[in-house]
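Let's take a walk through this one, beginning with a single side chain and then zooming out. Have the viewer open and follow along.

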Amino acid sequence: MKIIVALVALFVFACGNPVPDKDAQTVRFDNNHNGIDGYSFQVETSNGIKQEEQAELRSFGEDNAAIVVRGSYSFIADDGQLYTVNYIADENGFQPEAPHLPKA
């Protein structure tokens with residue numbers, strides 16, 4: 001019962017708050033697909049959101065291969081600052097880096 005009350009409260013809260021930048025437009029989109037060898041893309045919206053990513057198939061020994069992804073995304077937060085996150089996703093998992101993220 002508590003879960004239902006919490007979900008209803010969350011729904012009411014979400015419906016009562018406007019969606020910021022709901023009218024943002026895509027101003028740039030580049031997409032390159034290299035078959036099974038990888039891909040790259042760049043996207044930018046009119047509200048300052050940017051993302052770019054590159055991926056390549058990498059071999060880790062004779063029988064092991066995986067897609068390794070590198071990229072970044074940036075956005076303007078409610079405090080007016082631009083935040084950028086650089087990341088890599090490989091055999092060690094997703095590894096984001098940014099000055100505003102906590103360090104382990």
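Glutamate 53 is buried, yet it has no salt bridge. In this predicted model, the nearest side chain of opposite charge belongs to arginine 70, and that one is 11 Å away.

What does the side chain of glutamate 53 make a polar contact with? Look for the side chain of tyrosine 39, at 2.4 Å. Leaving out residues up to four places away in sequence, glutamate 53 also touches Ser40, Phe41, Val69, Arg70, Gly71 and Tyr87, along with Tyr39 itself. As for where it sits, glutamate 53 is part of strand E3, which covers residues 50-59.

Now hop over to strand E4, residues 65-76, where you'll find isoleucine 67. Its relative accessibility is 38%, which is why isoleucine 67 counts as partly exposed. Together with Ile36 and Leu57, Ile67 makes a nonpolar surface patch of about 290 Å².

Time to zoom out. Finally, take the contacts with a separation of 6 or more: 11% of them are between residues 24 or more positions apart.

Key. Residues numbered from 1 in each chain as written. Predicted model: local features only at pLDDT ≥ 70, side-chain atom pairs only at ≥ 80, totals over all residues. Heavy atoms only, no water. Helix = DSSP H or I, 4+ residues; strand = E, 2+ residues; numbered from the N terminus. Buried < 20%, exposed > 50% of the residue type's maximum accessible area, 1.4 Å probe, protein only. Lys, Arg positive; Asp, Glu negative; His and termini not counted. Salt bridge = Lys/Arg side-chain N within 4 Å of Asp/Glu carboxyl O. Polar contact = N/O pair within 3.5 Å; in protein donor to acceptor, adjacent residues only side chain to side chain. Contact = heavy atoms within 4.5 Å. Patch = residues over 30% accessible without salt bridge, like charges linked within 9 Å, V, L, I, M, F, W, Y side chains within 5 Å. Areas by Shrake-Rupley, 256 points an atom, 1.4 Å probe, with all protein chains shown as cover.
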